Amino acid sequence: MQKIAIVTGGTGGIGLEVVRALAERGAKVYAFSRRAPEGFGFPHVACDVSDGGAVRRAVDGVLAAEGRIDILVNCAGFGISGAFECTDPADAKRLLDVNLFGMSHAIQAVLPAMRSQGAGRIVNVSSVAAVAPIPFQAWYSISKAAVNALTMAVASEVRPFGVTVCAAMPGDVRTGFTAAREKSALGDDVYAGRIARSVGRMERDEANGMSAAAVGRRIARLAWKRRVPPLTTLGLSYKACALLIRLLPSRTLRAVLAEMYAR
């Protein structure tokens, strides 16, 4: 039976590569996003993931057409940067509405169908920033730490129904995410230029990071595998970093991150 998949944020960056990789494996993939580029080539549903009602209607449409949903990959998200002290709470809320609540809307919408089927796989795209909070990108790091917590909790709740939930944690990836990051230099004079230096370092790291295609293939593999751990770090070097992070005392980890991104 052909697998039916939904990928949020599926028209660009990592999400687009996940759509391609799942389609190559034989799945029929529906990409959810606010709009699709011309000549997209895959089934597309216009949907703002921050709108819970819109997400539910979009999922219902897929169920009406296909009768089931086997895979959900939550890729929709964006980043903001700047000093925590100077970040407008409205901007932080807008980020959480997409990165966290957008994910929860999609999960809540597909779970009833997956439970009734007795099977389903949900993959949430997190980040190494979830376990290594980045200075001057506090709210992005907070959103990804929350994604990991959501994943672990929901995975335990739905396991008896045959539904598995996991999170993929990529590190630096070369995508349009870098250019789309909403940057604020407010307060950089007070912070002695450290905001601009930190974001510049992060952008250089991203420009030299993993390819979106490679990350997309790994995430598609997680969506397809029979058994997966709840949290998976993508890329050998980042796996080593994640292991080191677990072993380091919190004081040492803070000092290392400060040296890298807060000088």
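1. A residue is called buried when its relative accessible area is under 20%, exposed when that area is over 50%, and partly exposed in between. The structure discussed here is a predicted model.

2. Helix 3 covers residues 89-99, and its buried residues are Ala92, Leu95, Leu96, Val98 and Asn99. Seen down the helix axis, these buried residues fall within an arc of 165°, so they line one face of helix 3. The face turned away from that buried side carries the exposed residues Pro89 and Lys93.

3. Lys93 has a relative accessible area of 52% and therefore counts as exposed. Lys93 forms a salt bridge with Asp97, with 3.1 Å between the closest N and O atoms. Both residues belong to helix 3 and sit four residues apart, about one turn of the helix. Asp97 is partly exposed, its relative accessible area being 22%.

4. Arg94 is partly exposed at 34% relative accessibility, and Glu182 is partly exposed at 34%.

5. Ten salt bridges are found in a search of the whole structure. One of them joins the side chains of Glu66 and Lys28 (2.7 Å, N to O). Glu66 lies in helix 2 (residues 52-66) and Lys28 in strand 2 (residues 28-33), so this pair too links distant parts of the chain, 38 residues apart. Glu66 is partly exposed, with a relative accessible area of 25%; Lys28 is partly exposed as well, at 29%.

6. A patch of positive charge on the surface gathers Arg25, Arg217, Arg218, Arg221, Lys225 and Lys239. Helix 8 (residues 212-224) supplies the largest share of this patch, three residues. Arg221 lies in helix 8 and counts as partly exposed at 40% relative accessibility.

7. Two loop residues can be set side by side. Gly79, in the loop between strand 4 (71-74) and strand 5 (80-81), is buried at 1% relative accessibility. Ala119, in the loop between helix 4 (101-117) and strand 6 (120-125), is partly exposed with a relative accessible area of 31%. The C-alpha atoms of Ala119 and Asp188, 69 residues apart along the chain, are separated by 50 Å.

Conventions. Residues numbered from 1 in each chain as written. Predicted model: local features only at pLDDT ≥ 70, side-chain atom pairs only at ≥ 80, totals over all residues. Heavy atoms only, no water. Patch = residues over 30% accessible without salt bridge, like charges linked within 9 Å, V, L, I, M, F, W, Y side chains within 5 Å. Areas by Shrake-Rupley, 256 points an atom, 1.4 Å probe, with all protein chains shown as cover. Salt bridge = Lys/Arg side-chain N within 4 Å of Asp/Glu carboxyl O. Lys, Arg positive; Asp, Glu negative; His and termini not counted. Charge placed at Lys NZ, Arg CZ, Asp CG, Glu CD. Buried < 20%, exposed > 50% of the residue type's maximum accessible area, 1.4 Å probe, protein only. Arc of directions from axis to C-beta.
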